Amino acid sequence: MQTGAATMAAQLQAQQQMKIGIIGCGARARQHWGALLKMPDARITALADVESDRMAEVNGQLAQKAATYTDYRELLKDSNVGVVVIVTPGYLHHEMALAALRAGKDVVLEKPLAMNYAQAKEIERETARTKRILAVCMQRRYMKPDAETRDAVENGAIGAIRLITCTEMRGDWNPRTWQYMDPATGKKTSWRLLKKTAGSTELEFSVHAFAEVCSLVKSPVVRVAATGGVVHYRDRDTRDVSSLIADFGNGARFSYAFSCFAAGGGNTFSIVGDKGVLTRSGGKVLIRRERGREEVWTPATPVSGEDAEIQLYRDFFRNVRERSQPLLSVAAAMEPAKLAFAAEISISENRMVTASDFA
């Protein structure tokens, strides 16, 4: 009887498992398949990559080997795949997301949502038309600093948001990132260094910060001005420094600055509300009210320290089963993407960008 019960339990678990196909098995994919291997309700059934050795590395970690494809379209035909995880350079997201939706798959799409606003809107329309579940991987929402900041703001610790300032000072991209063969030059180049493959540095990197800001402000972007360029490196056309200011519909303002030739420069993040100021330091969220002492914000319900990707997938699997909209839906990804699109337009066309640019 015990053996029969165990067999039935195993069969039930197998029936409830999400069958996952991963498109793109490079460096970022490690966080995805690493999280999925820790989840009993997930099984990686298929892999697609142009480099077979990358798929072999992932298969080496799996108890049940996944099918492998060098053409992602073959993976989409696989009936043993219900959920597709797209972990490829940004220029492939639009094509692959549309194809996955049209193949009847639910989708986890790495950021950015798309390379431009028109592509992003097309993905949004196709998600609605096909009634599939699509989440954009803005996993920082689940990380402790972001979650504690959101808890403080939503509980009124500093009142209504008036100004957010953020700086991100970092070193250059990982030199071991995937090399794109540029047909224009015949040279292999990190895909993050080219506008045609990455879109922009803001779209590839800064969009994480933009996502946090938009989730806090909860109001559409109405005006953006930006500046930036390639001032330090000479091997790229995506910016190595930029800054922007943005206004939101509810009157909140956002000021942002970025550099990728400032290794060890660190990040800063502050929110000015009409009842106090929130800052982050040493992994803590600090609140200072007018003429008051600085205090550490402690959420009433402790924030999970679990891996962000595991939390993301747990929520996503629930959305798939319930056919409900994810926290990280296309709509949630659209406003931060618009900030990145606006930065590119403002800098390249030397002008202010307004809501009418996204009408």
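**Close-up 1. Helix H10 leads the lining of the largest cavity.** Helix H10, residues 308-322, gives the most to the lining of the largest cavity, with 4 residues. The model shown here and in the other views is predicted. Rolling a probe the size of a water molecule over the atoms shows where empty space is left. The count of cavities of 30 Å³ or more comes to 1. The largest cavity has a volume of about 50 Å³. Its lining consists of Ala135, Tyr142, Leu312, Asp315, Phe316, Asn319, Pro326, Leu327 and Leu328. By class, that lining has 7 nonpolar, 1 polar and 1 charged residues.

**Close-up 2. The largest pocket is lined by 39 residues.** This pocket holds about 940 Å³ of space. Gly26, Val87, Thr88, Pro89 and Trp191 are the lining residues nearest its centre. Five helices each supply at least two residues of the lining: H2 (29-36), H3 (52-59), H4 (72-76), H5 (93-102) and H9 (201-217). Which helix gives the largest share of the lining? Helix H9 does, with 3 residues. Sorted by class, the lining of the largest pocket has 17 nonpolar, 8 polar and 14 charged residues.

**Close-up 3. The second largest pocket is lined by 17 residues.** About 340 Å³ of space lies in this pocket. Arg140, Glu168, Asn267, Thr268 and Arg280 lie nearest its centre. The class count for the second largest pocket is 5 nonpolar, 6 polar and 6 charged residues.

**Close-up 4. Leu163, Val272 and Val277 form a nonpolar patch on the surface.** Together, these three residues have about 170 Å² of accessible area. Val277 lies in strand S14. Is Val277 buried or partly exposed? Val277 counts as partly exposed because its relative accessibility is 31%.

**Close-up 5. Glu110 sits in strand S5.** The strand covers residues 106-110. Glu110 is buried, because its relative accessible area is 5%. Gln139 is 29 residues from Glu110 along the chain. The C-alpha atoms of Glu110 and Gln139 are separated by 9.4 Å.

**Close-up 6. Arg73 pairs with Asp71 in a salt bridge.** Side chains of opposite charge can pair when their charged atoms come close. In this model the count of salt bridges comes to 38. In the pair shown, the closest N and O atoms of Arg73 and Asp71 are 3.0 Å apart. How accessible are the two partners, Arg73 and Asp71? Arg73 counts as partly exposed, with 47% relative accessibility. Asp71 counts as partly exposed, at 26% relative accessibility.

**Close-up 7. A salt bridge joins Arg239 and Glu202.** The closest N and O atoms of this pair are 2.7 Å apart. The pair links distant parts of the chain, 37 residues apart. Arg239 is in the loop between strand S10 (221-229) and strand S11 (241-248). Glu202 is in helix H9. Are Arg239 and Glu202 buried or exposed? Both residues are buried.

**Close-up 8. Arg223 and Asp247 meet through their side chains in a salt bridge.** The N to O distance is 2.7 Å. Arg223 counts as partly exposed, at 34% relative accessibility. Asp247 counts as buried, because its relative accessibility is 13%, and the cut-off for buried is under 20%.

**Close-up 9. Shared partners build one salt-bridge network.** Which residues does this network join? Arg140, Asp146, Glu168, Glu212 and Arg280 are linked by salt bridges that share partners. Arg140, Glu168 and Arg280 are also among the residues nearest the centre of the second largest pocket.

Note on methods
Residues numbered from 1 in each chain as written. Predicted model: local features only at pLDDT ≥ 70, side-chain atom pairs only at ≥ 80, totals over all residues. Heavy atoms only, no water. 1 Å grid on protein atoms, 1.4 Å probe; cavity = no way out; pocket = protein on both sides within 12 Å on 5 of 7 lines; lining within 4 Å. Points joined across faces, edges and corners; volume = space filled by probe spheres on them. Nonpolar A, V, L, I, M, F, W, Y, C, P; charged D, E, K, R; others polar. Patch = residues over 30% accessible without salt bridge, like charges linked within 9 Å, V, L, I, M, F, W, Y side chains within 5 Å. Areas by Shrake-Rupley, 256 points an atom, 1.4 Å probe, with all protein chains shown as cover. Salt bridge = Lys/Arg side-chain N within 4 Å of Asp/Glu carboxyl O. Buried < 20%, exposed > 50% of the residue type's maximum accessible area, 1.4 Å probe, protein only.
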